[in-house]
Amino acid sequence: MFRTVSLLIMLICCCVLLLPSAGLAFSGSELMDLSLEELMEVEVTSVGRKLQKVSETPAAVFVIHQEDIRRSGATTIPEALRMAPGLSVARIDGSSWAVASRGFNGRFLNKMQVLIDGRSVYSPPFSNVHWDMQDTLLDDIERIEVVRGPGGTLWGANAVNGVINIVTKKARDTQGTLVKAGYGTEEEGFAALRYGGKAGERADYRAFVKYFNRGALQPNDYGYLGEGEAHDDWNAFRGGFRLDLAAGSRDEFTLQGEAYSGTEGQVDQLWLLDPTVSYNQRVVSDTPFAGGFLLANWQRQLADGGDLALKAYYDHSYRDEQALGKAVWKVFDVDFQHRFFLGRRQEILWGVGYRLIQDEVEDGDLVTFEDGSANDQLFSLFIQDEITLIPDKLRLILGSKFEHNDYTGFEYQPNARLAWTPNKHHTIWGSVSRAVRTPSRMEDSGNVLYTVLQPNLFFPSPLPIKVVIDGNKDFDSEKSLSYELGYRFMPGGGFSLDTALFYTRYRDHRSAEPLSPVFDPVPINHLLYAFQEDNKLEGETWGVEVAVDWLVSPWWRLQGYYSLLKLNLSPESGGEDYISIWLYEESSPQQQWSLRSSFDIGRNWDFDLWLRYVDSVTVYFTEIDDYYGLDARLAWRPRPGLELALVGQNLLEDEHTEFQAEFGRAATVVPRGFYGQVKWEF
């Protein structure tokens, strides 16, 4: 009943805003700085490692612009990613998210490459992204490029189902001072300060600091935490800088860095061979994390229209989580690429790279490692040839990445892409791509205490049963072969349609194969059921993604998408793992849709509504109900540079659950929330 009433209220508000009332006299000011036609001409780098127009890219790419982020009311990067079709974004608790492209969602997702200004933010011990550690000043983000589908040919292993590249603004675009602060029901205070200036005629710089504190949420309906707060409060401090230098007419140099520190609370479900606590215990703990990076980038434009680029970065991260243990990892990466033209119809792009990963780990309550430290090296080479078959109409792109890693040795990831642009209103593209996901330290030499079962709970056993998953030195890469077909329609008049169909075949997928149970008397008599990491699952995914952008009038814009995903897994020959099938197959929603409505009310007011639907999922044998979400934002600019905003999130219900616990961590509900924000730029 509440959902129905809320939807009616939203529709009434939309209708009222459309009435030709003098009290709502709309000005002719544009909703966005760019028209839809100009937005389709925005250049991205994630598809081809070069600047190219969105309308011409032979891949399923979606761009989240700075204006989209501002008007969405998002306060974190994962919240902003909900705007992209084909992505499933689920909040687990106050500080952690599960973000995936085209299936296999989870906190420890390992099939998507995430980059910030071209710097990989993967966590090497678990081969995942800790979203609570990935942040920056959202006002400094120029765009977020989301590529659904394989990107291994250019970005290497683990870009199996997609690439997310967060691109920040140049320093010359952030001159002056920005001050921002806010407070709300969940946001218990946040503030940011940024200053940008010039250093001589050729150099621009900026520096920023930000802090936030989020309060604890409430337990979900599944009984893992009991009553009261969930102890998942979250706070962090971050500061950074960027320096852009134009060294002559053809050379550009960028140096940027950040440092951060924070703490998040959590409740862990720990498994113990101790009957006095029913073989499990809930433990409240804090997870401190910290880190920083330094990135340097040099680019030179060549006389023939080509270019050279050299990028190097050093990343240092620290995290201490009770269930998973303490981990310190250091990444040094250097990457060189060269683009040139071979005749009039061929454009060659090639490059080489080297990455050194050093990590030190200490055992946690649920995870142990055979080796306390590791030094892993990755060598890579890629080459791509873009061939113009018919000038301005038909292009063929062929390429492959070749890598050597310390776990599986040599890997290759080729692809072929074809783009046909019969005229400026239509683009049809297709691709065939092979990608791999290489093992992590966890799968190679880690061990996970999965659960402890009480005597005679599920099985007729007088002894408790300890279930563990052991790493495997022979664990191989997961392989995928993807077929994609896309169509873009841009008839003009402020309308665009972008569609993508995909089918992906997986083989040698991660499985947990059962070993023979054994009796173990330490620390008490129990049966040990061990599973070993292996590559004995195969499967397929297929689906469709549709995105529509319509500038209804100069003051009203509608943006929507619909995504359908189907995933089927089965054991390969000799495989006996059916549990992983249940865990993976329904961890991402089959259907999702989103509709965003952005109004300019006069010259000084914005009103934004964002309605979305997410299908039900099943995570760790727990079914999570589908849900509708509605966010609203009202902003007023009483003078140039000053903005006051009020944001309401998840307005249709008091709370809902989006995901479930993994590796002991207990999930919580996502509540209805409100916050106010003041931003001043001068």
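**Exercise 1: Charges over rings**

Task: Identify the ring face over which R612 lies, and then the one over which R102 lies.

Solution. R612 lies over the face of W610, at 4.8 Å from the ring centre. A charge is counted as sitting over a ring if NZ of Lys or CZ of Arg is within 6 Å of the ring centre and within 35 degrees of the ring normal. R102 is placed over the face of F502, at 4.0 Å from the ring centre.

The model is predicted, so local features need pLDDT of at least 70 and side-chain atom pairs count only at pLDDT 80 or more, while totals for chains, interfaces and linings use all residues. Residues are numbered from 1 along each chain as its sequence is written, and side-chain values use heavy atoms, with hydrogens and water left out.

**Exercise 2: Nonpolar cores**

Task: Describe the largest nonpolar core and the surroundings of W131.

Solution. 
1. A nonpolar core is a set of buried Ala, Val, Leu, Ile, Met, Phe, Trp, Tyr and Cys residues joined through side-chain atoms within 4.5 Å. Buried means under 20% relative accessible area, exposed over 50%, and partly exposed in between (1.4 Å probe, protein chains only).
2. The largest such core has 82 residues, and I64, L81, W131, I144, I164 and V367 have the most contacts inside it. Strand β29 (residues 526-553) gives the most to this core, with five residues. Strands are DSSP runs (E, at least two residues), as are helices (H or I, at least four), numbered from the N terminus.
3. Leaving aside residues up to four places away in sequence, W131 touches I77, P78, L81, W97, V99, V114 and I164; contact means heavy atoms within 4.5 Å.
4. A second, separate core of 14 residues includes V47, V63, L154 and F382.

**Exercise 3: Aromatic pairs**

Task: Classify the pairs F190–Y675 and W556–F599 by ring geometry.

Solution. 
1. Rings of Phe, Tyr and Trp (its six-membered ring) pair if their centres lie within 6.5 Å; planes under 30 degrees apart count as stacked, over 60 as edge-to-face and the rest as tilted. The whole structure holds 24 aromatic pairs.
2. F190 and Y675 are edge-to-face, at 5.8 Å centre to centre with 80° between the planes. F190 in strand β11 (residues 187-198) and Y675 in strand β39 (residues 673-681) are 485 residues apart.
3. W556 and F599 have ring centres 5.2 Å apart and planes at 10°, so this pair is stacked.
4. W555, W556, F599 and F607 form one aromatic cluster.
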